[in-house]
Amino acid sequence: APSSLARPARAARPEARAFSMRAAPHRATWSKARTGRGPRRRWSADGSDVEQELLAFIRDEGTPGEMPSRLLLERRGRGDLANAIYRRFGGLRPLARRLGLSMGSRHDER
């Protein structure tokens with residue numbers, strides 16, 4: 001094959017450059033700026049802090065005894081809590097049963 005058709009060495013190709021914060025500082029803040037979220041939170045393995053956060057949310061929202069919907073959690077900026085509920089407990093219903101909360105009228109009855 002003629003040398004003019006040879007592919008340049010990996011280091012010479014622009015797409016082969018390593019990621020650099022100096023070259024792309026916007027990449028580090030893109031997620032937070034785009035979604036409005038804060039830093040990623042670590043939830044405890046047993047889910048006790050998820051339960052406490054949910055009960056505090058319910059108290060602040062003024063809906064005692066009723067499980068908030070995932071949509072409500074996300075609209076109030078608590079998508080992190082909704083995700084933790086699904087990951088730790090398998091969904092809203094299992095956690096509602098565990099905490100003695102009713103599902104309320106805002107949930108689909110499936």
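These notebook entries record what I looked up in the structure above.

**Entry 1. Basis**

I worked with a predicted model, in which local features need pLDDT of at least 70, side-chain atom pairs count only at pLDDT 80 or more, and totals for chains, interfaces and linings use all residues. Residues are numbered from 1 along each chain as its sequence is written, and side-chain values use heavy atoms, with hydrogens and water left out.

**Entry 2. Overall content**

I noted five helices and zero strands in the protein. Helices (H or I, at least four residues) and strands (E, at least two) are DSSP runs, numbered from the N terminus. Along the sequence I read the pattern α-α-α-α-α.

I then looked up burial: of the 110 residues in the protein, 25% are buried. Buried means under 20% relative accessible area, exposed over 50%, and partly exposed in between, with a 1.4 Å probe and protein chains only. The accessible surface is about 8400 Å², and carbon and sulfur atoms account for 49% of it. Such areas come from the Shrake-Rupley method with a 1.4 Å probe; for residues, only the protein chains shown count as cover.

For contacts (heavy atoms within 4.5 Å), I recorded the sequence range. Among those between residues at least 6 apart in sequence, 52% join residues at least 24 apart.

**Entry 3. Nonpolar core**

I looked up the largest nonpolar core, which has 18 residues; V50, L54, M67, L81 and I85 touch the most other members. Such a core is a set of buried Ala, Val, Leu, Ile, Met, Phe, Trp, Tyr and Cys residues joined through side-chain atoms within 4.5 Å. At least two residues of this core come from each of helix 2, helix 3 (70–75), helix 4 and helix 5. Helix 4 gives the largest share, five residues. In soluble globular proteins, nonpolar side chains tend to be buried together.

Leaving aside neighbours within four places in sequence, L81 is in contact with W43, V50, E53, L54, F57 and L73.

Which residues make the contact between helix 2 and helix 5? I first took the geometry: helix 2 (residues 48–61) and helix 5 (residues 92–99) pack at an angle of about 85°, with axes 12 Å apart. Helix 2 is therefore roughly perpendicular to helix 5. Angles under 35 degrees count as roughly parallel, over 145 as roughly antiparallel, 65 to 115 as roughly perpendicular and the rest as oblique. Axes are lines fitted to C-alpha atoms, for helices over the stretch in contact, and angles run from 0 to 180 degrees between N-to-C directions. The contact is made by E51, L54 and L55 from helix 2, with L95, R98 and L99 from helix 5. By class, this contact has four nonpolar, no polar and two charged residues. Ala, Val, Leu, Ile, Met, Phe, Trp, Tyr, Cys and Pro count as nonpolar, Asp, Glu, Lys and Arg as charged, and the others, Gly among them, as polar.

I next took helix 4 (residues 79–89), whose axis comes within 8 Å of that of helix 5 and crosses it at roughly 80°. These two helices are therefore roughly perpendicular to each other. I85, Y86 and F89 of helix 4 meet L92, P94, L95 and R98 of helix 5. The contact of helix 4 with helix 5 has six nonpolar, no polar and one charged residues.

**Entry 4. Two residues of helix 4**

Is F89 buried or exposed? I found F89 in helix 4, where it counts as buried because its relative accessibility is 14%. Not counting residues up to four places away in sequence, F89 touches D46, G47, V50, E51, A84, P94, L95 and R98. The C-alpha atoms of F89 and G47 are separated by 7.8 Å, although the two are 42 residues apart along the chain.

R88, also in helix 4, is partly exposed at 34% relative accessible area. Beyond neighbours within four places in sequence, R88 is in contact with W43, S44, A45 and V50. From R88 to W43 I noted 8.9 Å, C-alpha to C-alpha, across 45 residues in sequence.

D49 lies in helix 2 and is buried, with a relative accessible area of 17%. Its contacts, leaving aside neighbours within four places in sequence, are R41, R42, W43 and S44.

G100 belongs to the segment after helix 5 and is exposed at 61%. G100 and M67 are 33 residues apart along the chain, with C-alpha atoms separated by 9.3 Å.

S102 is placed in the segment after helix 5 and counts as partly exposed at 39% relative accessibility. Leaving aside neighbours within four places in sequence, S102 is in contact with G65, E66 and M67.
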